[in-house]
Amino acid sequence: MNELYVSFHLLDRQIVDRDGLEVGKVDEVELGIDDRGAPYLAALLVGPQAFGPRISGWLGRLLTGLARRLRTDRSGPLRIPYDLVRQVDSAVELSVRRDLLREPELESWLREHLIGRIPGSAE
Amino acid sequence: MSDLVTADLIGKVAYHRSGEYLGRVADVVVAPDPEGTWRVTHLVVSHPPWGRLLGYERDEETGPWLLVMLARRMLRRNTRRVRWREVRIGEDDRHA
Amino acid sequence: MKKFLAFTLGILTAIGGFVDIGDLVASSLSGARFGLALAWVLVLGVIGICAYAEMAGRVVAITKRPVFDLVRERLGPRVALVNLVASYLVTLLTLAAELGGVALAIELVTSVSYLLWVPVVGFVLWVALWRVKFETLERIFGLLGLVLVVFVVALFRLPGHGPDLWHQALSPVPTPGENWNTYWYFAVSLFASALTPYEVFFFSSGGVEENWGPRQLPEMRVNVFIGFPLGGGLALALMAVSAEVFHPLDAQVTSLGQVALPAALALGRLGLAVAILGFFAATFGAAMETGLSAAYVVAQFFGWPWGKRLQPRRAARFHTVLLVSVLLGIVALMTTIDPIQLTEYMLVFSAVVLPLTYLPILVVANDRGYLGDHVNGRLANAVGVIFLVVIVAAAAAAIPLMIVTGAGG
């Protein structure tokens with residue numbers, strides 16, 4: 001592909017890893033600015049802190065507040081440097097496996113304290 | 001942290017550097033440079049604001065006939081691509 | 001054997017759309033009040049869901065993206081969130097109603113109050129969804145639900161009023177004693193029920209669970225074009241036997257036991273037993289469908305790993321939503337609220353947001369960047385656009401009709 005529309009091709013698309021497993025949605029795209037002031041694609045941002053501000057008004061603020069309380073990552077959204085993106089079509093495909101990325105805290109917490117404790121969770 | 005996110009561009013008011021009012025930014029076009037970095041080349045501006053484009057601004061969206069006609073009519077009249085260097089982003093904000 | 005059973009996903013999905021607890025009562029009720037004058041709505045519903053399920057199935061076979069991914073991607077996070085909240089609520093309340101329906105079917109056999117069965121049924125449902133493979137569940141309940149064909153048999157066994165029924169079916173007007181507003185209210189409810197979003201969510205997500213690829217396109221189409229008409233046919237049979245038995249008496253249908261009556265009249269005790277087994281299978285199958293759909297849409301909106309094909313440990317958020325949804329369903333029922341009435345209200349509200357689910361499907365089914373040469377042909381687009389217009393019309397008319405008729409009273 002020789003060009004991309006950031007809002008159409010990237011924002012709100014599903015991100016999958018090299019095995020096709022879901023990583024998250026593109027909740028926001030970070031643009032870097034180089035020394036000449038020209039912007040470029042720096043990273044994909046995943047998580048409620050990235051996504052909340054894109055919903056305008058009270059609903060967005062409610063979501064971002066909820067996310068903070070529900071143990072989502074205090075260190076900010078998951079940041080995937082753009083050079084890890086291998087291909088963009090119906091989903092954004094990464095060149096790496098999901099395990100190499102930071103796991104969302106909510107997922108770890110629920111696995112440890114709830115789902116993981118139910119017999120049969122490893123089937 | 002982050003220098004800029006798309007919410008700092010999309011939805012913002014845009015002016016041509018000559019002063020002409022262009023509308024609001026609907027999308028950001030990027031293309032790869034020789035080293036593989038994807039650089040912003042153009043902005044898609046829309047006036048009056050069109051909102052979600054659903055994908056009809058691309059040639060790959062081919063139907064159904066009714067929706068294509070409606071979408072292309074509105075798009076041709078309202079949206080255009082402008083080179084990044086020629087755009088100035090305004091201070092005015094769509095309601096946050 | 002596998003090829004022979006290759007349409008069970010379609011049937012199971014169709015069960016949720018045509019013969020779940022809400023439909024069992026609504027089809028019966030329509031038959032009792034209007035004879036077959038509303039039969040055309042069922043036919044319309046079958047055509048509509050076939051068209052859109054085929055599109056959604058095609059998208060999922062080629063790209064592995066289920067419907068809710070398309071909703072968020074094309075409509076944006078704000079509008080998609082509105083759809084999520086509305087769809088989740090409808091699906092959750094339907095889940096509660098189905099749990100109630102299973103409990104009511106058991107009550108018919110045991111004479112023990114349905115409320116006592118609700119927690120048991122909820123627990124069994126959750127265990128089934130936790131342990132049993134997707135394919136196995138789909139096969140068992142897809143096939144068992146077909147047992148409702150007993151109503152087709154009953155239709156032929158009852159002292160026939162064939163010509164009368166045909167005449168009713170061909171004159172789509174309110175029967176004596178009913179007015180146009182109520183007629184259209186029932187029409188919109190039946191139509192919304194045939195096209196509830198959780199059907200396309202479930203069907204497309206099921207395609208991912210079954211690992212469909214481009215080579216499964218024929219199998220997908222078998223599922224759609226056999227499964228949904230079968231479901232619609234069963235609903236039609238129910239409407240017809242109701243029209244035969246209840247309409248001439250001007251009787252109302254208010255309980256599940258009454259819905260079974262025509263089978264008992266035609267085929268005695270055996271007919272009754274088979275009908276109850278069919279109710280049990282259909283409502284349990286619909287409970288599975290709505291339970292999974294509730295979790296699918298939340299996970300797919302946020303981008304989380306989802307599905308029974310993953311180890312629960314690797315999809316903890318998805319399974320939490322599933323567990324919480326079943327619990328909420330049980331709690332809702334234990335308030336002794338009438339589950340069937342509740343779903344009827346919710347269906348009308350869900351009719352209002354139907355366009356938000358179906359428009360993205362139509363748009364993506366035409367996107368060459370997504371589907372290459374598998375984009376919609378002229379027929380698919382013609383049917384798709386016509387139905388989108390009908391869906392928008394139903395969405396606009398739903399709430400006014402509900403207000404004017406006092407919810408069909």
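Leaving aside its neighbours within four places in sequence, which residues is C:I361 in contact with? Point 2 has the reply.

1. A word on conventions. This is a predicted model, in which local features need pLDDT of at least 70 and side-chain atom pairs count only at pLDDT 80 or more, while totals for chains, interfaces and linings use all residues. Residues are numbered from 1 along each chain as its sequence is written, and chains are lettered from A and ligands numbered from 1 in the order in which they are written.

2. Beyond its neighbours within four places in sequence, C:I361 touches C:Y52, C:M55, C:A56, C:V67, C:L70 and C:V200; contact means C-beta atoms, placed from the backbone, within 7 Å. C:I361 also belongs to the largest nonpolar core, of 167 residues, and is listed with C:A56, C:L99, C:F151, C:V188, C:A192 and C:A295 as having the most contacts inside it. Such a core is a set of buried Ala, Val, Leu, Ile, Met, Phe, Trp, Tyr and Cys residues joined through C-beta atoms within 7 Å, where buried means 20 or more other C-beta atoms within 10 Å of the residue's own. Helix α12(C) gives this core its largest share, 27 residues. Apart from this core lies another, of 38 residues, including A:V16, A:L31, B:L43 and B:V82.

3. Helix α12 (residues 256-302) of chain C also packs on α2 (residues 21-34) of chain C: their axes come within 9 Å and cross at roughly 145°. Helices here are DSSP runs of H or I, at least four residues, and strands are runs of E, at least two; axes are lines fitted to C-alpha atoms, over the stretch in contact for helices, with angles from 0 to 180 degrees between N-to-C directions. From α2(C) come C:I21, C:L24, C:V25 and C:S28, and from α12(C) come C:V259, C:F279, C:T283 and C:A286.

4. In chain A, four strands make an open, mixed sheet in the order β3-β2-β8-β7; strands pair if DSSP finds at least two bridges between them. Strands β3 and β7 (85-88) of chain A are at the edges with a single partner strand each, so one side of each has no neighbour in the sheet. The twist from one strand to the next averages 25°. β2(A) and β8 (residues 92-94) of chain A pair in the parallel sense over two bridges, and A:V16 has A:E93 as its bridge partner in β8(A).

5. Between chains A and C, 24 residues of chain A meet 24 residues of chain C. On the chain A side, α4(A) supplies the largest share, four residues. For chains B and C, the contact takes twelve residues from chain B and 14 from chain C.

How values were computed
Contact = placed C-beta atoms within 7 Å. Buried ≥ 20, exposed ≤ 12 C-beta atoms within 10 Å, placed from the backbone.
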